[in-house]
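Hi,

Here is the structure I promised to pass on. Have a look at it first, then read my notes below.

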Amino acid sequence: MERPISELLQHHGVIIHTSPESTVQHAVSIMAEHDIGSVLVFRNNTELLGIFTERDLLHRVVNAGLDPSTTPLREVMTDDVVVVSADTPRVDVIDLM
């Protein structure tokens, strides 16, 4: 458990992301295309602003009665994202979760 989280990560993966101005519909299309349950939200492809998840879709969009084709992600994404470094011990990551 003291081994770093980097041992669990794939090093050749692609980071799937979009911008805060993208619509919910666009984000859902990306998630479906890549068969993933969330998409990262970056400003200028460099600054992580948040994450949009299937749970956000259910609670913040569908349940709130918002239109996915016009609602920007910045209004419904989770923006209090916790980030760890690749050398963070697994036990610390589990504690955060």
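Accessible areas here come from the Shrake-Rupley method with a 1.4 Å probe, and for residues only the protein chains shown count as cover. On that basis the chain has about 6700 Å² of accessible surface, with 52% of it belonging to carbon and sulfur atoms.

Keep in mind that this is a predicted model: local features need pLDDT of at least 70, side-chain atom pairs count only at pLDDT 80 or more, and totals for chains, interfaces and linings use all residues. Residues are numbered from 1 along each chain as its sequence is written, and side-chain values use heavy atoms, leaving out hydrogens and water.

The elements run β-α-β-β-α-α from the N terminus (DSSP runs, numbered from the N terminus: helices are H or I with at least four residues, strands are E with at least two). The C-alpha trace spans about 45 × 25 × 25 Å along its principal axes. Of the 97 residues, 29% are buried (under 20% relative accessible area; exposed is over 50%, partly exposed in between; 1.4 Å probe, protein chains only).

Now for helix α1, residues 24-34: its buried residues are V24, A27, I30 and M31. They sit on the same side of α1 because they cover an arc of only 125° around the axis (taken from the directions from the helix axis to the C-beta atoms). Their cover includes β1 (17-18), β2 (38-43), β3 (47-53) and α2 (54-62). The face turned away from that buried side carries the exposed A32 and E33. After α1 comes D35, with a positive phi near 55°.

Cheers

Conventions
Contact = heavy atoms within 4.5 Å.
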